[in-house]
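Thanks, everyone. Let me put the model up, and then we can walk through it.

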Amino acid sequence: MTDTMQASAPITRPTTDSIRLERLLDAPVETVWRYLTEADLRREWFMGGTDATAGGEFDLVVDHDNLSDDKDVPYPESYAKYKGAVWNEKVSRFEPPRLLETTFQGGKNGAVTYELYPEDGKTRLVLTHSGIESGTGAQDFGTGWNSHLTVLQKKLAGEGVRDFWALHAKSRDDVARALGN
């Protein structure tokens, strides 16, 4: 586990209602695919729930207690109200192990597309969140995705994150700079 808090924000805003992030992950495409689709692995970096399958529906359960290596890291007050929420999502594209597209927040905030590209034994993950309707927009969704992808990146590199919410706070600043906010 490392204590460094590197939450750089490789994020762009291709359209007014979308954001795009890229990460080079230290794992083969098949492993990253499992971390996207299998609930038990997905809960280690994002949200658990149920497995995502072709043409199916799946649940995302908001519980970020699993993301910090330190125990008893409290939720910030502004996020605590979401803890335990369940979002029912739909899989619209399922092309293992290269492409996954799902709704987000039950479809209320568009769709998320995960594209996986093999790169010298590693995987380039390109995440595009489009159709963002929320007033919080690119800044908040970018902060969340940047934080969660940092957790995934560290997990696949054999590292950890001591305090997810400290990472999230730093990510907010990094994303604001990257998006020119």
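Is His64 buried or exposed? His64 is buried, at a relative accessible area of 9%. Buried means under 20% relative accessible area, exposed means over 50%, and partly exposed is in between, with a 1.4 Å probe and protein chains only.

Some ground rules. This is a predicted model, where local features need pLDDT of at least 70, side-chain atom pairs count only at pLDDT 80 or more, and totals for chains, interfaces and linings use all residues. Residues are numbered from 1 along each chain as its sequence is written, and side-chain values use heavy atoms, with hydrogens and water left out.

Back to His64. It sits in the loop between strand S4 (57-61) and helix H3 (77-80). Helices here are DSSP runs of H or I with at least four residues, strands are runs of E with at least two, and both are numbered from the N terminus. What does His64 touch, leaving aside residues up to four places away in sequence? The list is Phe46, Met47, Tyr75, His148, Phe164 and Trp165. Contact means heavy atoms within 4.5 Å.

Now the whole chain. We have five helices and eight strands. Reading from the N terminus, the order is β-β-α-α-β-β-α-β-β-β-β-α-α. The radius of gyration is 15 Å, close to the 16 Å from the globule rule for 181 residues, so the chain is as compact as a globular protein of that length. That radius is taken over C-alpha atoms, and the rule is 2.2 Å times the number of residues to the power 0.38. Along the principal axes, the C-alpha trace spans about 35 × 35 × 30 Å. Of the 181 residues, 46% are buried. Take contacts between residues at least 6 apart in sequence: 57% of them join residues at least 24 apart.

Charges next. There are 21 positive and 29 negative side chains, and the centres of the two sets are 2 Å apart. Lys and Arg count as positive, Asp and Glu as negative; His and the chain ends are not counted. Each charge is placed at NZ of Lys, CZ of Arg, CG of Asp or CD of Glu.

Helix H4 next, residues 137-156. Its 20 residues reach 28 Å from first C-alpha to last, close to the 28 Å expected at 1.5 Å a residue. The expected span is 1.5 Å times one less than the number of residues. How many of the H4 residues are buried? The count is 17 of 20, so H4 is mostly covered. Just after H4, Gly158 takes a positive phi of about 80 degrees.

Now the loops. Between strand S5 (86-95) and strand S6 (99-103) we find Pro97. The Pro96 to Pro97 peptide bond is cis, with omega near -10 degrees. Gln105 is not a glycine, yet its phi is positive, about 55 degrees. Asp120, in the loop between S7 and strand S8 (122-130), is also a non-glycine with a positive phi of about 55 degrees. Asp120 counts as exposed, at 79% relative accessibility.

Last stop: Gly55, in the loop between strand S3 (48-49) and S4. Gly55 counts as exposed too, at 69% relative accessibility. Gly55 and Phe94 are 39 residues apart in sequence, but 7.2 Å apart in space, C-alpha to C-alpha.
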